[in-house]
Amino acid sequence: NMKPLLTILTVVFNDITIEQTIKSVIPFLSKEVEYVLIDGASTDDTLSIIEKYRSYFSFFLSETDKGIYDAINKGVKFSRGDFILHVNAGDFLLNLPLDELYKERYNENVAALSFPVIMNSDKFFYPCINWKIKFKNTLHHQGTFYRRNIDHYDITYRVFADADLNKRLYKCKYVIKTYTFPYIANHLWNGISTKTKNRHEWYLVIIKNYGYFYLLFHFFYRLLDLFCGRNNKM
């Protein structure tokens, strides 16, 4: 039983937009692309929607968890692909760069491949990997294919565990390849990461990985953005 090249992993809790997400993933499924879905014990119509598509999942679980990254860690545990792509409820899968993934499949030095993403149907996020990752997030979770054995999240973070993972990979000098096409997903961005109450968590991620100097750099960069009229998410 050959293990698949890729696991698409979706986590959901009480979100009926899951239907459009599942429908967008189904056309990409094959022997090489499996689908794992983890539900946090939803209490609305989410489970009855999921039930309609049960036959498409190589693994499905519904139980309470400690938040989104706890659910993701569970999903990773039950995934078999060499790489994992995170497509969450409300996101819409557009493309899979299977050729690029095949190329790096046995190149264990490459920890992740990161591609651009469309946000809210009208903004474009292009990944880059350089020193700026120390104080901002330069890789988009929904466009990044992580090697399964390094895809693990610190669940003490509720909102920014993905940014923390990216910073840890960069700090440990893992190879992350970035690409300018294709667009992988349309990500419905609900702004949870911009809410003021969540900013302190972003600051903690920077401090924990790179110290206070880069936190200052983050503030400096945001001021620069304000003066230049740019509007960066983070």
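Predicted model: local features only at pLDDT ≥ 70, side-chain atom pairs only at ≥ 80, totals over all residues.
- Strand 5 pairs with strand 11 (residues 185-187) through two bridges.
- The two strands run in the antiparallel sense.

**Strand 6 and its partners**

- Strand 6 covers residues 110-114. Five of its five residues are buried, and the strand is mostly covered.
- Strand 10 (residues 175-178) is joined to strand 6 by four bridges. These two strands run parallel.
- Within strand 10, T178 stands opposite S114.
- Strand 9 (residues 144-147) is joined to strand 6 by three bridges. Here the direction is antiparallel.
- Y146 in strand 9 is the bridge partner of A112.

- Is helix 5 largely enclosed or left open? Eight of its 11 residues are buried, so the rest of the structure largely encloses it.
- The buried residues are A161, D162, A163, D164, L165, N166, K167 and L169.
- These buried residues pack against helix 3 (68-77), strand 9, strand 10 and helix 6. Strands 9 and 10 are also joined by bridges to strand 6.
- K173 follows helix 5. Its phi is positive, near 65°.

**Helix 5 against helix 6**

- How do the axes of helix 5 (residues 161-171) and helix 6 (residues 196-210) cross? They come within 10 Å and cross at roughly 15°.
- An angle under 35 degrees counts as roughly parallel, so helix 5 is roughly parallel to helix 6.
- The crossing is right-handed.
- On the helix 5 side, the contact is made by A163, D164, K167, R168, Y170 and K171. On the helix 6 side, W202, V205, I206, K208, N209 and Y210 meet them.
- The residues of this contact divide into six nonpolar, one polar and five charged.
- Why can residues three or four places apart in an α-helix point the same way? An α-helix has 3.6 residues a turn, so such residues point the same way.

Notes
Residues numbered from 1 in each chain as written. Heavy atoms only, no water. Axes fitted to C-alpha atoms, helices over the stretch in contact; angles between N-to-C directions. Parallel < 35°, antiparallel > 145°, perpendicular 65-115°, else oblique. Left-handed = near helix turned anticlockwise from the far one by under 90°. Contact = heavy atoms within 4.5 Å. Nonpolar A, V, L, I, M, F, W, Y, C, P; charged D, E, K, R; others polar. Buried < 20%, exposed > 50% of the residue type's maximum accessible area, 1.4 Å probe, protein only. Pairing = 2+ DSSP bridges.
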